[in-house]
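Subject: Structure for you to look at

Hello,

The structure I mentioned is below. My notes follow it.

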Amino acid sequence: AAQVGGSLWAVHLEQVLRLARGERPSGALDLAGCTVRRSWGELSFAPAGGDTVPTPMPLTPGDHCWGGWKIQCREGICPPGGERGPGYWLRPGEYTVRARRTGDVIRLPGRPAKTLKKLMIERKIPAHLRDFLPVVAGARGVAAAAGIGPHQGALARPGESALYIIIEKGD
């Protein structure tokens, strides 16, 4: 039995080394009870099974948790220079916090529109984490995305009623 166990470990070690030396920016390997991931030159080990993507939830004023994220939402008046804070001053409306969807597009202030997928790749967000980043969506599509920023068309103007939203990684 020791020989069988030893040879299995040798096979696992060879697979992990092959993953580590791979040419692609990311990859994954499922082993008995463990998942090994390579993202942008870093290896991580996690228990097998992984997390499930949180279900969408309506965003209302108050404090919320979505997956491993903390989301604060407050009503107020957008101040001058409001774009420089840690959060986003969004126009009032009905918003939902959800995972990204195929074809989601966002136009960051002063930049052309791009898909969330392209922006996540540019920011080197590991592929296995992309579905776990909160996306704030309204009737007109994506209003903001954690780690990416707000959609220019969803931002409130100074002096307007607004929802102030702060999205932070939880503990």
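Which residues does Arg98 touch, not counting residues up to four places away in sequence? They are Pro56, Trp66, Asp104, Leu133, Pro134, Val135, Ala137 and Val142. Bear in mind throughout that this is a predicted model.

Arg98 itself is in strand β8. Its relative accessibility is 6%, below the 20% limit, so Arg98 counts as buried. The side chain of Arg98 makes a polar contact of 2.9 Å with the side chain of Asp104, one of the residues in the list above.

On the nonpolar core: the largest has 31 residues, and the members that touch the most others are Leu59, Leu90, Val136, Ile148, Ile165 and Ile167. At least two residues of this core come from each of β4 (57–59), β6 (69–77), β7 (88–90), β8 (95–98), α2 (116–122), β11 (135–138), β12 (141–145) and β14 (161–169). Strand β12 contributes the most, with 4 residues. In soluble globular proteins, nonpolar side chains tend to be buried together.

Beyond four places in sequence, Ile148 is in contact with Ile106, Leu108, Leu116, Leu119, Met120, Arg123 and Ile125.

On aromatic residues: the structure holds 1 aromatic pair. The pair is formed by Trp89 and Tyr164, with ring centres 4.5 Å apart; the planes are at 35°, so the pair is classed as tilted. Because Trp89 belongs to strand β7 and Tyr164 to strand β14, the pair ties together parts that are 75 residues apart in sequence. Both partners are buried: Trp89 has a relative accessible area of 15%, and Tyr164 has a relative accessibility of 16%.

On cysteines: the count of disulfides is 0. Two cysteines can be set side by side for their surroundings. Cys65 has a relative accessible area of 59%, over the 50% limit, so Cys65 is exposed. Cys73, at 1% relative accessibility, is buried.

Last, confidence. The chain has a mean pLDDT of 85, and 84% of its residues reach 70 or more. The exception to note is residues 1–6, where pLDDT stays under 50. For that stretch the model has 0 contacts beyond four places in sequence. Where pLDDT is low, the predicted coordinates should not be read in detail.

Regards

How values were computed. Residues numbered from 1 in each chain as written. Predicted model: local features only at pLDDT ≥ 70, side-chain atom pairs only at ≥ 80, totals over all residues. Heavy atoms only, no water. Core = buried A, V, L, I, M, F, W, Y, C linked by side-chain atoms within 4.5 Å. Buried < 20%, exposed > 50% of the residue type's maximum accessible area, 1.4 Å probe, protein only. Contact = heavy atoms within 4.5 Å. Disulfide = S-S within 2.5 Å. pLDDT = per-residue confidence, 0-100. Polar contact = N/O pair within 3.5 Å; in protein donor to acceptor, adjacent residues only side chain to side chain. Phe/Tyr/Trp six-rings, centres within 6.5 Å; stacked < 30°, edge-to-face > 60°.
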